[in-house]
Amino acid sequence: MCESCTAPVSDPRACEQPSSPWPRRMLFGTGLGAAVALTGVGGNATAHAASAMNAAWCNPALGYFPSGGHYGAPRGGSTHAGQDITNSTGTAVYAAAAGTVIRRAWGGGFPGRTGEAIVISHGNNVYTYYGHLSAYRVSLNAKVSAGQRIGDMGATGNVTGPHLHFETHTGRLNGITDPVPFMRNRGVDLGGGWSSIDPEARGATVTVIQHLMTQRGTSLVADGYYGPTSVNAVKAFQRSKGLVADGQVGPKTWPHLVYTLKSGVRDGSHVRALQTAMNKRSAGLAVDGNFGPVMNTAVRDYQRLNRLVVDGEAGAITWRALVG
């Protein structure tokens, strides 16, 4: 974990401890992803419409939370400024949301930070920080999309081992806030669980849902808009599975939607869903519904880069990583 990566004590938010510490669970445990989002569950369409779970955000890296690597942990006379996510050097790091790379430098240009780092501006005075990288995959001033690969996890700087040091800043640059609830409120489980997507969401993950629903027998236009037609279809699907029909595609619904896929499947909307999810993670695949040799290589590459079992089979664990 980070030996430095501190927040200024003068910032009162830097000294706040989470009211209920996030569990330090291993990514590959069977119980992963069981946490339910705090907002949107069981709510009506009006409540959902204002939800921040709008598919604009995604998980920046896969790994586990190391002991003492949480936001607010003591660091000498200061506190830890983000959440550490531990995995091996070379694990892929992705942009948590669309934005512009405004810093690509040692420590991200911040005092108290060490290691190669990237800072992304997401607009409206919201920023994310990615520290201790072993390699950069984007240039300074690059425009990036949510889920785009931007770097590789590493151990540069003052650390005890390879990990991603991830920060969220709101209101201003260096206005740090606890990234775990920040991301949770946007439908992302930094521990590696399933995403939560509410009505009125837009983007590639919504297109994934629409393709999967089409494969499940309800033909939807794959336009990336989770509007009333798609929401009503999902509610009917949830009722058919004995789930709460709230229209939120979250940890309870995703496992019923996805398919286990491997090489040889042809002309399937479920494969189009997988290809769309892979492309959000920088795969660059043709969305043709065919799981051929190129697709098989891409799935294996994704699994290898994210330290999953490399078998070319897209099962629940691979799906969860892709849409998380």
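The protein chain holds 8 helices and 12 strands in this predicted model. Of its 324 residues, 56% are buried. Among contacts between residues at least 6 apart in sequence, 65% join residues at least 24 apart.

**Nonpolar cores**

- The largest nonpolar core comprises 42 residues, and I197, L212, W254, L274 and W319 touch the most other members.
- At least two residues of this core come from each of strand 5 (92–94), helix 3 (204–215), helix 4 (228–240), helix 5 (254–257), helix 6 (269–280), helix 7 and helix 8 (316–323).
- Another core lies apart from this one; it has 26 residues, among them I85, Y130, V138 and M153.
- In soluble globular proteins, nonpolar side chains tend to be buried together.
- Beyond its neighbours within four places in sequence, W319 is in contact with W194, V208, L212, V258, Y259, L261, H270, A273, L274 and A314.

**Helix 6**

- The buried positions in helix 6 are S269, H270, V271, A273, L274, Q275, T276, A277, M278 and K280.
- These buried residues of helix 6 pack against helix 3, helix 7 and helix 8.
- The end C-alpha atoms of helix 6 are 17 Å apart, which agrees with the 16 Å that its 12 residues should span at 1.5 Å a residue.
- After helix 6 comes S282, which has a positive phi near 75 degrees.

**Strand 8 and its partners**

- Strand 8 (residues 126–136) is largely enclosed by the rest of the structure, because 8 of its 11 residues are buried.
- Strand 7 (residues 116–121) and strand 8 run antiparallel and are joined by 5 bridges.
- Within this pairing, S121 has Y127 of strand 8 as its bridge partner.
- A hairpin is formed by strand 7 and strand 8, with 4 residues between them. In its turn, G123 has a positive phi of about 85 degrees.
- Strand 8 also pairs with strand 11 (residues 163–170) in the antiparallel sense, over 6 bridges. The bridge partner of V126 in strand 11 is T170.
- Strand 10 (residues 149–153) is a further antiparallel partner, joined to strand 8 by 3 bridges. Here A135 has D152 of strand 10 as its bridge partner.

**Ring interactions**

- The count of aromatic pairs comes to 4.
- The ring centres of W57 and F182 lie 5.3 Å apart, and the pair is edge-to-face because the ring planes stand at 80 degrees, where over 60 counts as edge-to-face.
- Distant parts of the chain are linked by this pair, since W57 and F182 are 125 residues apart. W57 belongs to the loop between helix 1 (45–49) and strand 2 (74–75), whereas F182 belongs to helix 2 (residues 179–184).
- W57 and F182 are both buried.
- R103 lies over the face of F110, at 4.7 Å from the ring centre.
- R216 is placed over the face of Y259, at 3.9 Å from the ring centre. Y259 is also one of the residues in contact with W319.

- N296 is situated in helix 7 (residues 293–305).
- Its relative accessibility is 18%, so N296 counts as buried, the cut-off being under 20%.
- Apart from neighbours within four places in sequence, the contacts of N296 are S263, F291 and G312.
- The C-alpha atoms of N296 and G312 are 5.6 Å apart in space, while the two residues are 16 residues apart in sequence.
- Helix 7, which contains N296, supplies at least two residues of the 42-residue core, and the buried residues of helix 6 pack against helix 7.

Methods:
Residues are numbered from 1 along each chain as its sequence is written. This is a predicted model: local features need pLDDT of at least 70, side-chain atom pairs count only at pLDDT 80 or more; totals for chains, interfaces and linings use all residues. Side-chain values use heavy atoms; hydrogens and water are left out. Buried means under 20% relative accessible area, exposed over 50%, partly exposed in between (1.4 Å probe, protein chains only). Contact means heavy atoms within 4.5 Å. A nonpolar core is a set of buried Ala, Val, Leu, Ile, Met, Phe, Trp, Tyr and Cys residues joined through side-chain atoms within 4.5 Å. Two strands pair if DSSP finds at least two bridges between them. The expected span of a helix is 1.5 Å times one less than its number of residues. Rings of Phe, Tyr and Trp (its six-membered ring) pair if their centres lie within 6.5 Å; planes under 30 degrees apart count as stacked, over 60 as edge-to-face and the rest as tilted. A charge sits over a ring if NZ of Lys or CZ of Arg is within 6 Å of the ring centre and within 35 degrees of the ring normal.
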